[in-house]
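Please keep the sequence and the model in view while reading.

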Amino acid sequence: MKTTLTLRTPGGLSLRTDVRALVVVVALLLAACAASVVLIGTGDFPISFGDVLKTLAGNGTAGQDFVVNELRLPRVLVGLLVGASLGLGGALFQSISRNPLGSPDVLGLSQGATSGALVVIVLLSGTAAQVTVGALAGGLVTGLAIHLLAWKQGVHGYRLVLVGIGVSAVVTAVNGYLLTKADLVDATRAVVWMTGSLDGRDWSQVWPLLALCAVLVPLVLVNARGLRMMEMGDDVSHALGVRVERVRTLLMVAAVLLTAAATAAAGPVSFVALTAPQLARRLTRAPGPNLVPSLCMGATLLVTADWAAQRAFGADQLPVGVVTGVLGGVYLLWLLVTERRAGRI
Amino acid sequence: MTPEDGRDKNPTPESDRERNTVNRLSAENLTLAYDQRVIAEQLSVEIPDSSFTVIVGPNACGKSTLLRALSRMLRPSQGRVLLDGQVIQSMPAKKVARTLGLLPQSSIAPDGITVGDLVARGRYPHQGLLRQWSAEDERVVQESMERTGVAELADRYVDELSGGQRQRVWIAMALAQQTPLLLLDEPTTYLDIQHQIDVLDLCAELHEEQGRTLVAVLHDLNHAARYATHLVALRGGRVIAEGAPNDIVTAELVREVFGLRCQIIDDPETGTPLVVPAARKARVTTTS
Amino acid sequence: MLVDSASEQRADTAPAPPTRRAVRALGLLVSAVILLLVALASIAIGAKQLPLDQVWHGLFHDTGTYGDVVVGARLSRTVLGLLAGAALGLSGAVLQALTRNPLADPGLLGINAGASAAVVTAITYFGVSTLSGYVWFAFLGAAAVGALVWLLGGSRGATPVRLALAGTAISAALYGYLQAVMITDDAALNKLRFWTVGSLASAGDSTILQVLPFLAAGTLLALGLARPLNAVAMGDDTARALGVGLARTRALAMLAATVLCGAATAACGPIAFVGLMVPHAVRAFTGPDLRWILPYATVLSPVLLLGADVIGRIVARPAELQVGIVTAIIGGPVFILLVRRRRTAQL
């Protein structure tokens, strides 16, 4: 019924993976790559699938080379990295809070990053780079505040969720206030940022994100086994030798960093962190936090949504956040219909 | 164990004799508290090796709290818990988990997990990043499921099982941990009588066949007297009596610990003490 | 909770000792006096500082001077604060009783956001411009989101955490929708960014007259439900055993909460936390009897709302801080404190 793949070496090493999860991950990676190539080919200056591949390999014309490697490739890479970070961050938060709705965009992290960005846009009239720094700072401060406020001899899932909701409500009010303080030009800029968009993202956003992911993703995956055990309750995982508070704190810090960095790069693209882990889970049908599938799902989802935002509504190019927002709404309704009876929410 | 415990009026020959032996698990002068609420002070307990120790007492006497301290779930505000002569908190978490297992009351079966997968998670303390699933793991998991009689359920989902089956699965998970000491916090709660006996019989087998040390918190004094080889009676965070059930379970002790007037007769099946509460009339006269 | 309900049930069958009732009645009187003082402060204090004699002049000898106009605006603002505050507090208290959920609040459960989204839709896409026109949209939005949150939160099996999460998630989706509306239309952005924070300042006398009937009806309905809701607090089975028509009580309570916060939101925009904080504070004094909680909440909620409004006028002089922001900044920490104080078992 469930098949697993086990690899053992004579030296006592053994690795194990769920076959279905492996297939899902490979399929998602392929889908993400395909969507990326299509997305690179999409725009005012369309390029065919084959030409995109050729240009990426370094054999394109000068014009194609500029459009692909300087304009569109960094945008797609930012999309992939942001999606992956949000997917992984969401999976971590949902697993820690033991709730499919316990994702960073519900718990106030995105709103906190938004506050940071709004302060820079409205009060300081800062540049795009400064907005990024502001958002990063806002997200980190909010994450720290939620963790400290939820801390009472350890952080428990339910308290984390409720404190996050409280913080989220306050920060949303602050954001509303900052919007009213802005002049109309700044307000427009702020609202576009608040929706989440990949427009105009370049290599300067790619490198920091990539570096962060390169550090955090392995760190998270090393601790994933402890997180798996923690799904059975703190007592059981404690008894199995998991250092529960340490693992939880470490993973929360990682999740906050991932989410804040992703938000700083692309704005608070809503509902990717909420939906990606759930969709991945539906595909793998495996218990556990499903971290790698969630990561791949987030990347695929965001790039696909960006493509849809550019193409699906005729000439109007929408920010990607609008598409993910619609997706989130549909997802919530679907959750309502399917999961309610199971009482899993 | 401390002289000021005031337990000298109760006969505790067993524990007196064991005082000099070094047992693997013991607690010394514990003060246990949640937030500001102190549950127990100056509490000392020895768990005799290879015993089936059962902790009994009225509600809120601190029996589960004691078990949490013994299994390092709760850090004592004073005193220490010793495992193999070392303070349990100072030992590496996985090392403790290879010596001492716990079946807590609050356990959550993750959504959509199969019996086999859940039991396999008990191997966590024996595994590492590069040692994820050895042949040994596979063998132990299979063996644990067979011992607890859930091997044929291996591919079923845990949420589909009955309460009694589910408890067996959790016990199988704890067994897969392969610990010489196993602690169980009220393993029979929420089970009907036949499953209660079923689970306790299983515990007794695990104790007898493999010489494993078992420590359980039980609600039912008669179950405790029947299955325990060593009984610890708590009241108000203090040990009132400890020893073999035949030696310590007396009408006087039951009255002191539970505030219940009763007769003690021999269990017709096992010869262990059986508590028969006094009839209503008799009780009314004693309470006034 | 069980113990409280039991003692409270005793109070239901046999009247409370006269001294305790007297204390509670006196407390209600004191609360009314406090409300009067806060209302006066709300008229006297503003971003623009006016001497008291000019306030007096504006109140009773309105001759149309600048000062008189300011005072007139403050007066209607104060009246709206009274009405909206009472409505929000009452609906919060009713929701908490109905869901047996100490953290229920029309703002936290997304009901305000539902009303807002519906109003925005009415204004932007249906061209409705009068409050009497879009108040119906507000009711519809409030009711739809209320039902949605209740279902998404797991209906009968709803725990406070689930409900709050469902509410927050739906709010997030609705705010996303509002943002999408704002991006596409600069004029809408300019209007909505002020409306979505929740303010008493924008409403005039006509608004007040238009929402008044709804608020009055909702208030009467809510106050009349105290007794059956008392029984519902003890669990569905107990309530049924006590002879309460469960379905009817639920439907009426939901109707009352929806009308109250729908009308308040239509007039002021979404304001959160008033409905959470006041019933909690009141319960500490009155105990769990809704026959006292509801009247107290009616009187004290406007104290909080008007107080927050006055603070908002003072702290940001010469500008103003909208009341919805002030209540969130006060309410968020209170909410977190409540969460921290509670033990796992109670949630």
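How near do the axes of helix α1 (residues 19-41) of chain A and α3(A) come, and at what angle do they cross? The two axes come within 10 Å and cross at roughly 145°, where axes are lines fitted to C-alpha atoms, for helices over the stretch in contact, and angles run from 0 to 180 degrees between N-to-C directions. The crossing of α1(A) and α3(A) is right-handed; a crossing has this hand if the near helix is turned clockwise from the far one by less than a right angle, and is left-handed if anticlockwise. Helices here (H or I, at least four residues) and strands (E, at least two) are DSSP runs, numbered from the N terminus.

This is a predicted model, in which local features need pLDDT of at least 70, side-chain atom pairs count only at pLDDT 80 or more, and totals for chains, interfaces and linings use all residues. Residues are numbered from 1 along each chain as its sequence is written, and chains are lettered from A and ligands numbered from 1 in the order in which they are written.

On the side of α1(A), A:Ala32, A:Ser36, A:Leu39 and A:Ile40 meet A:Val68, A:Arg72, A:Leu73, A:Val76 and A:Leu80 of α3(A). Contact means that the C-beta atoms of two residues, placed from the backbone, lie within 7 Å. The residues of this helix contact divide into seven nonpolar, one polar and one charged. In that division Ala, Val, Leu, Ile, Met, Phe, Trp, Tyr, Cys and Pro count as nonpolar, Asp, Glu, Lys and Arg as charged, and the others, Gly among them, as polar.

The largest nonpolar core has 310 residues, a nonpolar core being a set of buried Ala, Val, Leu, Ile, Met, Phe, Trp, Tyr and Cys residues joined through C-beta atoms within 7 Å. Its largest share, 16 residues, comes from α3(A). The members that touch the most others are C:Ala87, C:Val94, C:Ala138, C:Leu260 and C:Ala263. Leaving aside neighbours within four places in sequence, C:Val94 is in contact with C:Ala222, C:Leu225, C:Leu229, C:Ala253, C:Ala256 and C:Ala257.

Two loop residues of chain A deserve attention for their backbone. A:Arg98, in the loop between α3 and α4 (109-123) of chain A, has a positive phi of about 50° although it is not a glycine. A:Phe271 has a positive phi of about 70° and is likewise not a glycine; its place is in the loop between α11 (244-266) and α12 (272-284) of chain A. A:Arg98 is partly exposed, with 19 other C-beta atoms within 10 Å, whereas A:Phe271 is buried, with 32. A residue is buried if 20 or more other C-beta atoms lie within 10 Å of its own, exposed if 12 or fewer, and partly exposed in between.

Chain B has eleven helices and twelve strands, and 44% of its 288 residues count as buried. Helix α6 (residues 163-176) of chain B reaches 20 Å from its first C-alpha to its last, close to the 20 Å expected for its 14 residues; the expected span is 1.5 Å times one less than the number of residues. Because eleven of the 14 residues of α6(B) are buried, the helix is largely enclosed by the rest of the structure. The cover over these buried residues includes β6 (100-103), α4 (115-120), α5, β7 (181-185) and α7 (193-210) of chain B. Just after α6(B), B:Gln178 takes a positive phi of about 55°. B:Ala135, in helix α5 (residues 135-147) of chain B, is exposed, with 11 other C-beta atoms within 10 Å.

How do the chains meet? Of the two pairs of chains in contact, chains A and C share the most contacts. Their contact takes 42 residues from chain A and 41 residues from chain C. On the side of chain A that touches chain C, α6(A) gives the most, with 16 residues, and the classes are 24 nonpolar, 14 polar and four charged residues. Chain B and chain C do not touch, and their nearest C-alpha atoms are 11 Å apart.
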